[in-house]
Amino acid sequence: MKFFIDTADLGEIRDLAATGLVDGVTTNPSLVAKTGRKFLDVVKEICAVVAGPVSAEVTATDHATMLKEGRKLAKLAKNVTVKVPLTPDGLKTCRALATEGTMVNVTLCFSAAQAILAAKAGASFISPFVGRLDDVASDGMALIRDICLIYRQYPTFKTEVLVASIRHPMHVVEAARVGAHVSTMPPNVLKQMYNHPLTDKGLAAFLADWQKTGQSILDA
Ligand code: G3P
């Protein structure tokens with residue numbers, strides 16, 4: 001499974017990139033707004049830190065302008081993935097950009113029907129928002145299972161399932177169980193994945209027993 005980090009915060013991205021576990025980054029207009037910085041500068045800096053796909057979202061809603069914005073974003077770096085919303089104009093733009101060889105991430109997906117349209121439009125990634133479905137008492141992971149099952153029926157579909165709007169580590173685990181290609185997660189969720197109290201307890205016990213031996217590996 002590929003791990004993408006869902007943030008535009010360069011400090012968080014640099015810290016987590018150093019773990020060697022980060023395969024890409026996703027941003028969206030809200031995450032960029034939180035930085036208070038110029039969008040294009042942020043995208044260029046992220047692309048210089050993480051070699052994998054970096055999603056940068058268009059902000060127009062009409063095809064002609066989306067296409068202009070997408071082409072401008074794609075020129076920023078070779079690993080830019082242009083993000084478009086799952087609308088008729090968004091998918092028209094997806095098809096045009098994909099035909100030009102630009103990676104496209106189709107976002108704001110909330111149904112299997114939408115995911116089928118995105119695959120037919122040549123999307124590189126589809127972003128179903130599991131957390132926002134859970135937030136409205138709808139089963140977000142059921143959508144992920146549905147999309148993975150449907151995509152597996154059609155080898156010609158090259159679109160990767162990029163599970164988004166992740167709220168906790170179990171979203172990542174359940175997405176991995178059904179073979180989703182990518183999880184994009186807030187920095188805190190990746191950090192939470194390391195944690196287990198029995199690991200902490202076991203390590204403390206090992207170190208306490210080792211301490212009693214009075215030995216040191218490096219001094220041996
Ligand atoms: O960036 C796309 C998606 O991951 C945002 O999810 O629900 O946390 O805003 P959310």
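Contact here means heavy atoms within 4.5 Å. With that settled, colleagues, let me turn to the structure. This is a predicted model, in which local features need pLDDT of at least 70, side-chain atom pairs count only at pLDDT 80 or more, and totals for chains, interfaces and linings use all residues. Residues are numbered from 1 along each chain as its sequence is written, and side-chain values use heavy atoms, with hydrogens and water left out.

I begin with Val43, which belongs to helix α3, residues 39-49; helices (H or I, at least four residues) and strands (E, at least two) are DSSP runs numbered from the N terminus. Leaving aside residues up to four places away in sequence, Val43 touches Ala56, Leu76 and Val80. Its relative accessibility is 2%, so Val43 counts as buried, a term that means under 20% relative accessible area, with exposed over 50% and partly exposed in between (1.4 Å probe, protein chains only).

Next, strand β1, residues 2-6, has four of its five residues buried. β1 pairs in the parallel sense with strand β8, residues 182-185, over four bridges; pairing requires that DSSP find at least two bridges between two strands. Within β8, Thr184 is the bridge partner of Phe4. β1 also pairs in the parallel sense with strand β2, residues 24-26, over three bridges, and there Asp6 stands opposite Thr26.

Finally, consider Phe206, in helix α11, residues 197-213. Is this residue, Phe206, buried or exposed? Phe206 has a relative accessible area of 63% and is therefore exposed.
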